[in-house]
Amino acid sequence: MLTEVDVRLMCQAVNPGNRSMKILVLNGPNLQLLGTREPGIYGRETLADIESRLRGPVADGLGVRVECRQSNHEGELVDWIGSSGGEFDGLVINPGAYTHTSVAVRDAISATGLPAIEVHLSNIHQREEFRHHSYTAPVCLGQICGLGPLGYELALQALVRYVHTRNGK
Ligand code: CA2
C-alpha cells in the first residue's frame, strides 16, 4: 500500500515543479578552493561538483529543491541566512572558518528559526584546538563532520526527514 509520502514523491517525479520543500545550502570562506588545493584534508572534488550533485540527483531522490550559494564575506552570509525564512524550509551550512569566530552567523541562524544542520568536510575535532569549538553548532539541529562531501548529502537527507516529521507527513 502506498503512503502519502510515496504518492507525493511519485507526483514530484512526474512534475518536478510540484516540489514544495526548498533547502538552502550555504558554504563559507575559501570553500570555493575545494578540489584545487590541500586535497589531503579536503579531497579532490570541487565545490561545483558537490553542488551539482546536491541540486541534481540528491534533490531528485529526496523530492525537494536545493539552492546552493558560497561567499567569502560574513555579512553576505548573514544577509542570506536572514532572508531565508520566507523562501526556504531549512538550511545546510558549512560556515568554514566563521564556525570558530562568528557570533553574527550564529545569531542569524538562530533568528531565522529554520532548522539547520552544520557540515564540515574535515573532522574538526581531530585538527587544531581552535577548530574544536563551534559558535554555530549549538543553534543547529546537529553537526556532521569528517565525512567529506557525503556529509552534505546526509545533512540534506536528515533535514528533509526532520521537516516532513515536524509537518506531520
Ligand atoms: O572542514 C571543513 O569543512 C571546514 O569548515 C573548512 C574550513 C575550516 O576553516 C574549518 O575549520 C573546517 C576551511 C575551508 C577552506 O577550504 C579550503 C579548501 C581547499 C583548499 C584550501 C582551503
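**The sheet and its surroundings**

Tutor: In this predicted model, five strands form an open sheet in the order 2-1-3-4-5, with parallel pairing.

Student: Which strands stand at the edges?

Tutor: Strand 2 (65-70) and strand 5 (142-145) do. Each has a single partner strand, so one side of each is left without a neighbour in the sheet.

Student: And what does the twist average from one strand to the next?

Tutor: The average is 20°.

Student: What packs on the sheet?

Tutor: Helix 6 (residues 150-166) does. This helix touches strand 1, strand 2, strand 3 (90-94), strand 4 (116-120) and strand 5. The direction of helix 6 makes about 170° with that of strand 4.

Student: Back to the pairing: how many bridges join strand 1 to strand 2?

Tutor: Six bridges link strand 1 (residues 22-27) with strand 2, and the two run parallel.

Student: Which residue of strand 2 is the bridge partner of Val25?

Tutor: Cys68 is the partner of Val25 there. In general, the strands of a sheet pair through backbone hydrogen bonds, either parallel or antiparallel.

Student: Turning to the whole chain, how many helices and strands are there?

Tutor: The chain has six helices and five strands. Along the sequence, they follow the pattern α-β-α-α-β-α-β-α-β-β-α.

Student: What percentage of the residues count as buried?

Tutor: Of the chain's 169 residues, 36% are counted as buried.

Student: And what share of the contacts join residues at least 24 apart?

Tutor: Among contacts between residues at least 6 apart in sequence, that share is 75%.

Technical notes. Residues numbered from 1 in each chain as written. Predicted model: local features only at pLDDT ≥ 70, side-chain atom pairs only at ≥ 80, totals over all residues. Pairing = 2+ DSSP bridges. Helix = DSSP H or I, 4+ residues; strand = E, 2+ residues; numbered from the N terminus. Axes fitted to C-alpha atoms, helices over the stretch in contact; angles between N-to-C directions. Contact = placed C-beta atoms within 7 Å. Buried ≥ 20, exposed ≤ 12 C-beta atoms within 10 Å, placed from the backbone.
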